[in-house]
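Reader: I want to know what stands behind the labels on this model. Take me through them.

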Amino acid sequence: MDINSFFEKFFQKYGNRNEKPALFFSPGRVNLIGEHTDYNGGFVFPCALNYGTYLLIRKIKEKTLKFSTINFNDDIETGINGLFQNKSKKWINYPLGVINEFLKKGVELSGLEFLYYGDVPNGAGLSSSASIEMVTSVSLNDLFNAGLNTLEQVKMSQRAENEFVGMNCGIMDQFAVGFGKKNHAIFLNCDTLTYENVPIVLNDYSLIITNTNKRRGLTDSKYNERRRECDKAVELLQAYKPIRNLSELKSDESGILEKFIKDPVVRKRARHVISENGRVIEAVKVLKENNIVRFGELMNLSHDSLKEDYEVTGLELDTLVYEGRKLPGVIGSRMTGAGFGGCTVSIVKKADTIKFMTDLSEAYKKKTGLVPDFYQPEIGDGARKIG
Ligand code: GLA
């Protein structure tokens, strides 16, 4: 949608053409490598996309919050105080959770009109939720001169999702969406929150995101189950040494898992986290050396570990990844995000991208009956005011 028609929709909905709303954008993200490590204090390597959520927002005199979106037929009005979770119109809980965080900080808000538009697919592992949270946050921070820095807003958005929405996510998504930098990925240590922007120069290769279009199912409950399994592993490993999280173990210590963790499932989960951290560190190193082929191999190993040890893939993701890898010019392909459905990310030789999309689409349809969507994203900047 172009910006003029977005403004036009706002005026049709809320009237008063004399007062222009402000325009904000927040990206979605794709994680290149480092999956299910963030809540284990490990390393991740995501980047912000040029797809995301747009928000038009305007102050009003009444003490009311009015929400609308171009994506669904959902209009909602609520008073400013005593915000509570909406059970049926779930997307609204992301903005409400963030507003709640601002109120908790003592920021005095007025009534507001909101109109959202997202061009990142929902629930597809590209952080549409973090994108809605952060676009809401940067707009409130700006409109009410709240003076909150990006890290504070990232943490508030994560809290909104953990406590208000009820999804126990780590910090990767909000961080990537908040701190994204054009043509760079973020090498983030999720324990210390120190990070480095690493240029992504793919030369003859291009990044392709493929959406399984599998309907979102048990992702949240399985996600929480994995978190509990990791907590269990940490508890058992206390007999080895006093660790706070699994990422305190280095790859060469994975031999001790057998001794201290008898449950084979819990042991596999820990093994994934430890090996994945090692892969992220190597991936960043080889990327800096321009060794994209090795970077691709590490992406492949990451997926294999997520399939075998972490068990968060499934028929759809595995079909895209393993059928994709058979095609010419594909040097790496893996699931991205929480898993179970959602998207894969692949690195494909530019000259082979059309064939990749056509042939993979065929093979995927044959095996799953579903039609995939493809995106060739650019790596963009983080959440910001754009008008
Ligand atoms: C989801 C969560 C993130 C992260 C990934 C898995 O996207 O929101 O915090 O845990 O899954 O790497």
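What follows is a set of questions about labels, each answered from a value and its cut-off.

Reader: What kind of model is this, and what limits apply?
Author: This is a predicted model: local features need pLDDT of at least 70, side-chain atom pairs count only at pLDDT 80 or more, and totals for chains, interfaces and linings use all residues. Residues are numbered from 1 along each chain as its sequence is written, and side-chain values use heavy atoms, with hydrogens and water left out.

Reader: Why is Glu276 called buried?
Author: Buried means under 20% relative accessible area, exposed means over 50%, and partly exposed is in between (1.4 Å probe, protein chains only). Glu276 has a relative accessible area of 0%, so it counts as buried.

Reader: Where is Glu276 found?
Author: Glu276 sits in helix 8, residues 264–288. Helices (H or I, at least four residues) and strands (E, at least two) are DSSP runs, numbered from the N terminus.

Reader: What does Glu276 touch?
Author: Contact means heavy atoms within 4.5 Å. Setting aside residues up to four places away in sequence, Glu276 touches Ile33, Gly34, Glu35, Thr37, Ser302 and Arg334.

Reader: What makes the pair Glu276 and Arg279 a polar contact?
Author: A polar contact is a pair of N or O atoms within 3.5 Å; within protein, one must be able to donate a hydrogen and the other to accept it, and residues adjacent in sequence count only if both atoms are side-chain atoms. The side chains of Glu276 and Arg279 make such a contact at 2.9 Å. The distance is within the cut-off, so the label holds.

Reader: Arg334 was on that contact list. Why is Arg334 called buried?
Author: Its relative accessible area is 0%, so Arg334 is buried. Arg334 lies in strand 10, residues 330–336. Its side chain makes a polar contact with the side chain of Glu35 at 2.7 Å.

Reader: Which residues surround the ligand?
Author: The shell consists of Arg29, Glu35, His36, Asp38, Tyr39, Cys169, Gly170, Met172, Asp173, Tyr223, Gly337 and Ala338.

Reader: Which polar atoms lie by the ligand's oxygen atoms?
Author: There is an N or O atom in the side chain of Arg29 at 3.1 Å. A backbone N or O atom of His36 lies at 2.7 Å. A polar side-chain atom of Tyr223 lies at 2.6 Å. Taken alone, the ligand exposes 300 Å², and the protein buries 95% of that. Those areas come from the Shrake-Rupley method with a 1.4 Å probe; for residues, only the protein chains shown count as cover.

Reader: What makes a group of residues a nonpolar core?
Author: It is a set of buried Ala, Val, Leu, Ile, Met, Phe, Trp, Tyr and Cys residues joined through side-chain atoms within 4.5 Å. The largest has 46 residues, and Ile57, Phe67 and Phe114 have the most contacts inside it. Helix 3, residues 128–143, gives the most to this core, with 7 residues. A second, separate core of 32 residues includes Leu49, Leu126, Val284 and Phe295.

Reader: Is Thr69 buried or exposed?
Author: Thr69 has a relative accessible area of 9%, so it is buried. It is found in strand 4, residues 64–69. Its side chain reaches the backbone nitrogen of Asn71 at 2.9 Å and the backbone oxygen of Tyr116 at 3.5 Å.

Reader: Why is Asn203 called partly exposed?
Author: Its relative accessibility is 47%, so Asn203 falls in the partly exposed range. Asn203 lies in the loop between strand 8 (195–199) and strand 9 (205–211). Its phi is positive, about 50 degrees, although it is not a glycine.

Reader: And why is Gln12 called exposed?
Author: Gln12 has a relative accessible area of 57%, so the label is exposed. Gln12 is found in helix 1, residues 3–14.

Conventions: Near = heavy atom within 4 Å.
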